[in-house]
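User: Can you walk me through the packing in this one?
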Amino acid sequence: MGRVSETTRPARVEARGWGWRHAGRKRTALDRIDLVVSPGERVLLLGPSGSGKSTLLHALAGVHGGAEEGEEFGSLLIDGEWPGAVRGRASLVLQDPDSQVILARVGDDVAFGCENLGIPRDEIWPRARRALDEVGLDLPLDHSTSALSGGQKQRLALAGALAMGPGLLLLDEPTANLDPAGVHEVRQAVARTLDRTGATFVVVEHRVDVWIDLVTRVVVLGRDGRLIADGEPQEVISTQRDTLLAAGVWVPGVPPAVSAARPVPAASVVDLEGIGLAIGRRSDAVVRSDLSLALPRAASTVLTGPNGAGKSTLALTMGGLLPPLGGRVRASEALARGLKTDPIRWRSRELLSRIGTVFQEPEHQFVASTVHRELEVAPRALGLDAATTARRTREVLERLGLDRLAEANPFTLSGGEQRRLTVGCALVSQPGVVILDEPTFGQDRLTWIELVTLLRGLVDEGTTLLSVSHDAAYLDALGDQHLDLGSDALRMEAAA
Amino acid sequence: MIATQRLHLVDRVNPVSRLAAAMLLTTPLLLTVDWVSAAVALGVQLVLFAMAGVTPRVLIARGWPILIAAPIAGLSMLLYGQPEGTEYWSFWLARITDGSIELAVAVTVRVLAIGLPAVLLFMNVDPTELADGLAQIAKLPSRFVLGALAGARLVGLFMEDWRAMALSRRARGIGDHGVVRRFATMAFALLVLAIRRGSKLATAMEARGFGSDHPRTWARESRVGWPDALLLCIAVAIAVLAISCAVWAGTFHAVWA
């Protein structure tokens, strides 16, 4: 096993006047970058969305295709060579845990990169075992990869990258889609690895506090794709504070400027309640039972709990999308407006103006070819006249700052824009209750503040809110009522 | 879930050899439409599979689609097959005759003789092992084989996507549409998602050095040995025996004749 660590020699990165323009775009994603990263340096790369951070990482990993994907300027070298020519010197872990699992078994998945590098068979398995050890995945080699949590999948991807024995480890927002426990797991695994291998390290991330203690250098890219700051971490963070905040970076010690959650008045009317609920996505698989909860009108409720506790399932059940497997969901008479009080028995069109649900994955919800048409879906389904439809969609476009993008295809928007659009699609039908699943996953600080401010505004106007979230800052801002599915509180409430 | 049933011999054979054995065994049976060859082949197969450890329960659990398809194929032959000899019953286009009865039996037995070995030989095949075999033994291009293997794993994700999309359509107020229209719009959306997932997966694979011109190694060796040779011999022997019996009995009836 000693051989594995001996093969790892930290890589040197050198960019001279380097730039990249994606095929079909006018503007260069990155422009005249001059950057030297010495062997063993650990760099945190910051910048606003669209500043080309990922583009730089992909280029270093050698995964940019040839001329058909874009145009390259200047030179970008690893150990003096073109990255595509030294595949395996750099390895890259991406943001989305699901799309990085390649094979069905844990061991095979880790071995995949080694096989591609042409490493002899008898050397691959010790490497794979060692890499799994290092990321703290204590699983048999034939364990199924589909049964892993998000944090485990990211650590598996990291193990796959480590087994290749890279001199340069590249991470592209590796924790953006993870809950706090997952973030911690991945960070610890990376720290252990770097301490052992001494590999050169470049990470892109919005959340500075996760990596600040681990890195030796911070590099900031500007909105125009040029390098604007480079230096010792604490120094760059303090001198570039305002630039970073304007770029949407979560600067440590600067909490987002939003008002705090406020207590729910004791005499609040309940808009929607779950009584002795049993929940599950399939009728033969009950995830939780005996859940009782009430959503007070014009207040915001935040539902927290560990992975797999059934938070999303509970939200979908409350939203009238999944049938309760036991107990019932009851809407107030004011919310039901003449219909039966069980939301699951409402028609899709009836649900629209009563309960709006925003899913975790924006791309699951898009049904139209432009942002504007996407917003018109609900008014059309409700049979609103043309004038009202136009007025409401215009209002929502302006309110969410999407008017500039009205004719864009929803799939081409950034993550933050997609999220705002899905919220807008729910708002346009003016439901009394809005339910959101992980609304702040992967959001930078600016879009986070916009979203939280918007939601607080809705509550002030009388909307009842239920959100599923892992985000502590979100809970501070919108947890007027806090329900924790991890504790037995919801059960005890039922018992009382 | 059906508990995995271990099989003697077959389990020790490389998936690629199993594929070859299934083809060697069934291709000759496609050349003739008589009941003797099919019955001989089916009889020998059933005895051998029983010896390998296929119990009637496993046979039903694994082979039920074939067990249902065979009599249905037979029934259509019985009613609509080429009329010949004595007619026993008729209704509009349907006629049951000596000829159609013989054809019905031949087709039923033949579907079983071709379908059952295919299903049972592939009973415990692991997709990863099959891919290893196709690349290392059959020498198919590794890019193609591994791309297909990794892509096939996405199917599970697509099923989750589909469920989430169905729920989101209800939430968006368009869940009351007719089934056909909803299916069409969801199928299109899934296609878009599939392309996006596919390109992300391709990037993840490239990031691990996949697709370079460098020759790759294989962490799992795909091997063939005497069990493979034995299975292939058995397959050929059954095919030869079945066709010989048909010729000897004078029932051989080539499909092109």
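What follows is a short chat about helices and cores.

Analyst: Ground rules. This is a predicted model: local features need pLDDT of at least 70, side-chain atom pairs count only at pLDDT 80 or more, and totals for chains, interfaces and linings use all residues. Residues are numbered from 1 along each chain as its sequence is written, with chains lettered from A and ligands numbered from 1 in the order written.

User: Which residues of H2(A) are buried?

Analyst: Lys53(A), Thr55(A), Leu56(A), Leu57(A), His58(A), Ala59(A), Leu60(A) and Ala61(A). Buried means 20 or more other C-beta atoms, placed from the backbone, within 10 Å of the residue's own. That is 8 of the 9 residues in 53-61, so the helix is largely enclosed by the rest of the structure. Helices here are DSSP runs of H or I, at least four residues, numbered from the N terminus.

User: What comes just after H2(A)?

Analyst: Gly62(A), with a positive phi of about 75 degrees.

User: New topic. How many residues are in the largest nonpolar core?

Analyst: 93, with Leu60(A) and Leu158(A) among those with the most contacts inside it. A core joins buried Ala, Val, Leu, Ile, Met, Phe, Trp, Tyr and Cys through C-beta atoms within 7 Å.

User: Which helix gives the largest share?

Analyst: H5(A), residues 150-163, with 7 residues. Apart from this core lies another of 59 residues, including Leu291(A) and Leu478(A).

User: And what handedness is the crossing of H13(A) and H15(A)?

Analyst: Right-handed, meaning the near helix is turned clockwise from the far one by less than a right angle.

Note on methods
Buried ≥ 20, exposed ≤ 12 C-beta atoms within 10 Å, placed from the backbone. Helix = DSSP H or I, 4+ residues; strand = E, 2+ residues; numbered from the N terminus.
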